[in-house]
Amino acid sequence: MPAPENTRALVWFRRDLRDHDHAPLAAALAAAQAVYCVFVFDTEILDLLPERTDRRVEFILGSLRELAAALQARGGGLIVRHGRAATEIPAVAGQLGVDTVYAGRDYEPAAKQRDAEVAAALCAQGRRLVLLRDQTIFDGDAVLTQAGKPFSVFTPYKNAWLKRLTVVDYACVESGGALAVPPPELAGALPELADLGFAATDLAALGIVPGMRGAQVLWQAFRTGRIVRYGQLRDFPAVKGVSYLSVHLRFGTISLRELVREAVAQGADTWLSELIWRDFYFMILDRFPQVAERAFKPEYDAITWDDWPDGLAAWQQGRTGYPLVDAAMRQLLHSGWMHNRLRMVVASFLCKDLGIDWRHGEAWFARQLNDFDLAANNGGWQWAASSGCDAQPWFRIFNPVTQSEKFDAEGRFIRRYVPELARLPDKYLHAPWKLARRDQEALGVIIGRDYPAPIVDHAVAREKTLARYAMVKNGKA
């Protein structure tokens, strides 16, 4: 059925930088004769970034170049603005005379506030904002407990999610059709990084290819070789076992529905479970927005954390004296990415070995991660700190040495990121302070000089943590 005559729509790209399997674009093409596309470099977000070299900004710009070319090939183009989205979107909608603005639903508190402001401004113009589910499979009231409430434990949520799932939920959303050419006064070349106030990063040197093409290269390698072995390979950081798609999922250069389709088709249950965790954390942030600043379990806000700036700095820079922790933190500094198993290890170490508030770790990850996503980052940190929904028990404390021995037994990952320990035999690589001084001298690696001695004794720190959390559980904090 053709769209009514003279109807116009605007698609507002945000976390969905692709032109296929795209719910807002498909809805706009079905509803309007003329469909325009826009992206806003939102200064309310960019101005909060602490550094002017940010890989995420460069990734977005690179992805937009490919998106703009794809939209142009379909007869349209991409309008790009730099300013407050809450101001720019109503302004562009007014200049184009559109009836409706379509966008993917966002679940972060600040984004929801921005969207409410945009919706109000559009309404005052006689227009409307339509938000559609696109970066999750389910949201809102789609998956609830039998009592009609949001889940707070993952496994029953996962079971209900799977029971609710049908082919329709992950089917490709067709978004074919011609687009409208932006009027000359709104069209223009994409900005350069300098125009946005940013400088080039090492994105290319790291081999990170933005956009739909970059996503597909990684996806095809994973889906044709590793997806069915993901459950066996995913915990070993020196092994190429994960998808490396997190930054592409974060910015929507690949469709979540495409990933779910393949996981279902290949019976890749462990991989699918990870995608369900992503939906779960979005749901938690949407329904319990207080987690962005406070513990999901309020009693854990009463914990008295240690004020230890030097300990925090040592953790951030990868010089704690625990090789696996340090290798992981150096990987983060070097590449803006960290293996998921190691994210759990270093988070547990910060909270339960160093006794430092999980919010400091969450903020550091938010600053460093190319794939930073508030929902997943907050969920992961609260899981490690035992303060979140379905978190690890408060008395479960990862031992950084045994984690190292189990998941990097040959030290391949450690030797890559902590090269000063490369000559140590495997037996001592995970706890190098146990190596006799004469052997350290023979190898040319003196602990405390060439590599830090442990800044805490894990056994002592463990007892302190058990006491700290026990006070909370007993109501004595």
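In the predicted model, Asp 408 is in contact with Ala 238, Leu 324, Gln 403, Phe 413, Ile 414 and His 430, when its neighbours within four places in sequence are left aside. The residue belongs to the loop that connects helix 18 (400–407) with helix 19 (412–417). Although Asp 408 is buried, no salt bridge is formed, the nearest side chain of opposite charge being that of Arg 412 at 6.2 Å. Polar atoms of the Asp 408 side chain are instead found 3.2 Å from the backbone nitrogen of Arg 412 and 3.1 Å from the backbone nitrogen of Phe 413.

Leu 324, one of the residues in contact with Asp 408, falls within the range of helix 14 (residues 323–335). The axis of this helix and that of helix 13 (residues 309–317) come within 7 Å and cross at roughly 70°, so helix 13 is roughly perpendicular to helix 14. Trp 315, Gln 316 and Gln 317 provide the contact on the side of helix 13, whereas Val 325, Met 329, Arg 330 and Leu 333 provide it on the side of helix 14.

In helix 11 (residues 256–266), the buried residues are Leu 256, Arg 257, Glu 258, Leu 259, Val 260, Glu 262 and Ala 263; their cover includes helix 1 (23–31), helix 7 (167–170), helix 8 (211–223), helix 10 (246–251) and helix 12 (269–287). The N-terminal end of helix 11 is capped by Ser 255, a side-chain oxygen of which lies 3.1 Å from the backbone nitrogen of Arg 257, while after the helix comes Gly 267, with a positive phi near 65°.

Definitions and conventions
Residues are numbered from 1 along each chain as its sequence is written. This is a predicted model: local features need pLDDT of at least 70, side-chain atom pairs count only at pLDDT 80 or more; totals for chains, interfaces and linings use all residues. Side-chain values use heavy atoms; hydrogens and water are left out. Helices (H or I, at least four residues) and strands (E, at least two) are DSSP runs, numbered from the N terminus. Buried means under 20% relative accessible area, exposed over 50%, partly exposed in between (1.4 Å probe, protein chains only). Lys and Arg count as positive and Asp and Glu as negative; His and the chain ends are not counted. A salt bridge is a side-chain nitrogen of Lys or Arg within 4 Å of a carboxyl oxygen of Asp or Glu. A polar contact is a pair of N or O atoms within 3.5 Å; within protein, one must be able to donate a hydrogen and the other to accept it, and residues adjacent in sequence count only if both atoms are side-chain atoms. Contact means heavy atoms within 4.5 Å. Axes are lines fitted to C-alpha atoms, for helices over the stretch in contact, and angles run from 0 to 180 degrees between N-to-C directions. Angles under 35 degrees count as roughly parallel, over 145 as roughly antiparallel, 65 to 115 as roughly perpendicular and the rest as oblique.
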